[in-house]
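Take a look at the sequence and the model first, then read on.

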Amino acid sequence: MHTSALPRVAGAQPALRRSHGWLVPVAVAVLLAFAPLVLETYYQDLVMKIVIYAIFALSLELLAGTTGLVSLGHAAFFGLGAYVTALAAPQYEAGNPVLLLALAMLAAAVYALFVGALSLRTKEVYFIMVTLAFAQMAYFVFHDTPIGGGSDGMYLMMRPVLAVGGTTLIDFEQPRHLYFVALGLLVLCYAFLALVLRSRFGHALTGIRINEQRMRAAGFQTYRYKLAAFVLAGALAGVAGFLYVSKNGVVNPELLSWHESGAVLMMIILGGLGSLRGAVIGAAAFVLLKEFYSSEALLGPAIAGRWQLTLGLTMIAFVALMPKGLIGIGRSLTFKRRKA
């Protein structure tokens with residue numbers, strides 16, 4: 001009796017693991033959907049900030065975690081998406097959020113195509129430096145020219161509104177409307193990347209990260225695959241930029257700086273490279289740690305004024321003690337439980 005049941009149980013285990021893999025993200029999305037009903041304005045704003053940076057982290061995860069392309073210029077696409085949103089929005093009336101989102105993604109994708117076509121001809125540290133150079137070039141274009149208001153940046157005078165037939169469907173002046181749009185875009189980006197990673201294209205990117213030479217020997221044109229991943233990651237970063245300026249109503253050149261690229265890189269390292277859930281967890285942990293260390297009410301002005309130092313020391317400790325990131329803790333516990 002027991003032997004006949006073994007094949008059914010063994011065959012059911014992969015499907016069970018796949019369902020568990022989706023269970024946690026879906027549960028978190030449902031909890032976040034109900035969060036505005038119980039959270040105060042400050043905490044709702046904090047959650048939305050986490051959501052925006054989670055999208056930004058997911059875009060870099062596709063490059064660094066999946067394809068093995070570590071970029072120090074990824075903030076260029078984030079900042080470009082924000083600037084294009086502010087520049088394309090009408091000055092004296094509310095813009096269409098669908099159109100502005102499409103323009104932000106298109107601009108970021110086009111610049112990513114240009115940057116990727118050149119930088120992907122280099123490898124390793126040279127690739128890192130070339131992406132950094134292109135990001136700094138974009139930074140100085142907005143910083144030193146009047147196209148985007150110079151070093152002061154520019155404002156989004158009126159937040160986008162989606163209206164059909166005189167009926168307002170989405171109004172970004174309403175915090176909850178913007179919250180649910182941001183949450184919906186995060187869910188879409190996560191689900192889209194999950195499907196990409198399960199596809200032949202995603203498997204090819206993973207193979208390139210593990211051994212690009214072997215992939216070329218197998219007949220894959222790895223340059224095209226990497227360029228497609230680079231453009232896709234740039235477009236998703238543009239989504240985060242669109243949400244950022246829609247939330248804050250202001251954009252400045254610092255969004256394109258290497259500091260921002262380093263911050264999002266720390267997010268995916270903190271969460272755990274090679275995992276979409278790790279990217280989201282890392283973004284949440286980074287934002288919360290930054291908020292904690294910069295809080296004068298909790299730590300006092302002396303410590304809060306040096307939050308970069310304390311956050312840097314914390315990051316070093318996390319990387320030293322948890323080389324697989326925060327997602328590695330759950331994996332270790334799951335492994336021990338299954339082994340037991």
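The chain has 13 helices and four strands, where helices (H or I, at least four residues) and strands (E, at least two) are DSSP runs numbered from the N terminus. With a radius of gyration of 21 Å, close to the 20 Å that the globule rule gives for 340 residues, the chain is as compact as a globular protein of that length. That radius is taken over C-alpha atoms, and the rule is 2.2 Å times the number of residues to the power 0.38.

This is a predicted model, so local features need pLDDT of at least 70 and side-chain atom pairs count only at pLDDT 80 or more, while totals for chains, interfaces and linings use all residues. Residues are numbered from 1 along each chain as its sequence is written, and side-chain values use heavy atoms, with hydrogens and water left out.

**Overall build**

- Along the principal axes, the C-alpha atoms fill a box of roughly 75 × 55 × 50 Å.
- Buried residues make up 45% of the 340 residues; buried means under 20% relative accessible area, exposed over 50%, and partly exposed in between (1.4 Å probe, protein chains only).

**The hairpin**

- Strands β2 (residues 161–164) and β3 pair in the antiparallel sense over four bridges; two strands pair if DSSP finds at least two bridges between them.
- V161 sits opposite D171 in β3.
- Two residues lie between β2 and β3 in this hairpin, and G165 in the turn has a positive phi of about 60°.

**Aromatic rings**

- There are 17 aromatic pairs in the structure; rings of Phe, Tyr and Trp (its six-membered ring) pair if their centres lie within 6.5 Å, with planes under 30 degrees apart counted as stacked, over 60 as edge-to-face and the rest as tilted.
- Y139 and F140 are an edge-to-face pair, because their ring centres are 5.0 Å apart and their planes are at 80°.
- Y139 is buried at 10% relative accessibility, whereas F140 is partly exposed at 42%.
- F172 and F242 make a tilted pair, 6.1 Å centre to centre with 55° between the planes.
- That pair ties together distant parts of the chain, with F172 in the loop between β3 (167–171) and α6 (175–198), and F242 70 residues away in helix α8 (residues 222–248).
- F172 is buried at 3%, and so is F242 at 1%.
- Ring pairs also join F77, Y111, F114, F127, F134 and F230 into a cluster.

**Salt bridges**

- The count is four salt bridges, each a side-chain nitrogen of Lys or Arg within 4 Å of a carboxyl oxygen of Asp or Glu.
- D45 and K247 meet in one of them at 3.2 Å, N to O.
- This bridge links helix α2 to helix α8, with D45 and K247 202 residues apart.
- D45 is partly exposed at 36%, while K247 is buried at 14%.
- E212, R216 and K226 are linked in a salt-bridge network.
- E212 and R216 are about one helical turn apart, because they are four residues apart in helix α7 (residues 200–217).
- Both K226 and E212 are buried, whereas R216 is partly exposed at 40%.
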